[in-house]
Amino acid sequence: MKKSVGAFSLVAVVVAGLLPSFAFGQGSAPADPSTVAAITKLENDAVKADLAGDASFYQKNLAEDWTGGTSRGTSDSKMALLADMKDSKNNKMASESIADLKVRTYGDVAIATYRSTYDGTIKGEHYARTVLTTDTFLRQNGAWKEIASHSSQAAK
């Protein structure tokens, strides 16, 4: 009887140890409210910056080595994004909104996922679409910097 109790106890300890991983997702913890608020503000401010053609927002909030994958099948660097924003003749948002924003935190890393709907001109071509986006942020010297982004066109 002691062998069964010992085996049962070992299984119970292992299962109890795994429960936090299942409850919060592999390797994650409950979202820190202040981080969620900061990332939510950054995402909403990015929409305002896009609509205003405000390149200074991205100069300040993107990491120097930021990369972004677009729903058009291209990739951007921070320098390329800033240059495009300064070319308002060929790059201008008429409308943009985000929905279904979710923020997950992992210490000094935060992941934001959301749905974005926009209508605008990008590199001289008109686009009106909804995309699914994942943005990755890293806390550097106490400030959140976006280090990577990827968007895919949403299914219709």
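Let's start at one residue: setting aside the neighbours within four places in sequence, Arg-129 is in contact with Ser-71, Arg-72, Ser-116, Thr-117, Tyr-118 and Gln-153, where contact means heavy atoms within 4.5 Å. Before going on, note that this is a predicted model, in which local features need pLDDT of at least 70 and side-chain atom pairs count only at pLDDT 80 or more, while totals for chains, interfaces and linings use all residues. Residues are numbered from 1 along each chain as its sequence is written, and side-chain values use heavy atoms, with hydrogens and water left out.

Back to Arg-129, then. (Strands, labelled E and at least two residues long, and helices, H or I and at least four, are DSSP runs numbered from the N terminus.) Arg-129 is buried but has no salt bridge. Buried here means under 20% relative accessible area, exposed means over 50%, and partly exposed lies in between, using a 1.4 Å probe and protein chains only. A salt bridge would take a side-chain nitrogen of Lys or Arg within 4 Å of a carboxyl oxygen of Asp or Glu. For Arg-129, the nearest side chain of opposite charge is Glu-125, and that is 8.5 Å away. (Lys and Arg count as positive, Asp and Glu as negative; His and the chain ends are not counted.) What the side chain of Arg-129 does have is a polar contact with the side chain of Ser-71, at 2.9 Å. That term covers a pair of N or O atoms within 3.5 Å; within protein, one must be able to donate a hydrogen and the other to accept it, and residues adjacent in sequence count only if both atoms are side-chain atoms.

Now zoom out. The protein chain has 4 helices and 6 strands, running α-α-α-β-β-α-β-β-β-β from the N terminus on. Of its 156 residues, 33% count as buried.

The 6 strands form an open sheet with mixed pairing, in the order E2-E1-E6-E5-E4-E3; two strands pair if DSSP finds at least two bridges between them. E2 (75-77) and E3 are the edge strands with a single partner each, so one side of each has no neighbour in the sheet. From one strand to the next, the twist averages 20 degrees. Angles like these run from 0 to 180 degrees between N-to-C directions, with axes being lines fitted to C-alpha atoms, for helices over the stretch in contact.

Elsewhere in the sheet, E1 (residues 62-69) and E6 (residues 143-153) pair in the parallel sense over 4 bridges, and Gly-68 has Ser-149 in E6 as its bridge partner. Helix H2, residues 33-52, packs on the sheet and touches E3, E4, E5 and E6, its direction making about 165 degrees with that of E3.

E3 (residues 92-106) and E4 (residues 109-122) pair in the antiparallel sense over 12 bridges. Along this pair, Glu-96 stands opposite Tyr-118 in E4. The hairpin of E3 and E4 has 2 residues between the strands, and Gly-107 there takes a positive phi near 65 degrees.

Last stop: the loop between helix H4 (78-86) and E3, where Asn-90 has its place. Lys-89 is found in that loop too. Asn-90 counts as partly exposed because its relative accessibility is 29%, whereas Lys-89 is exposed at 75%. Leaving aside neighbours within four places in sequence, Asn-90 is in contact with Thr-121, Ile-122, Lys-123 and Gly-124. As for Lys-89, its C-alpha atom is separated by 8.7 Å from that of Thr-121, 32 residues apart along the chain.
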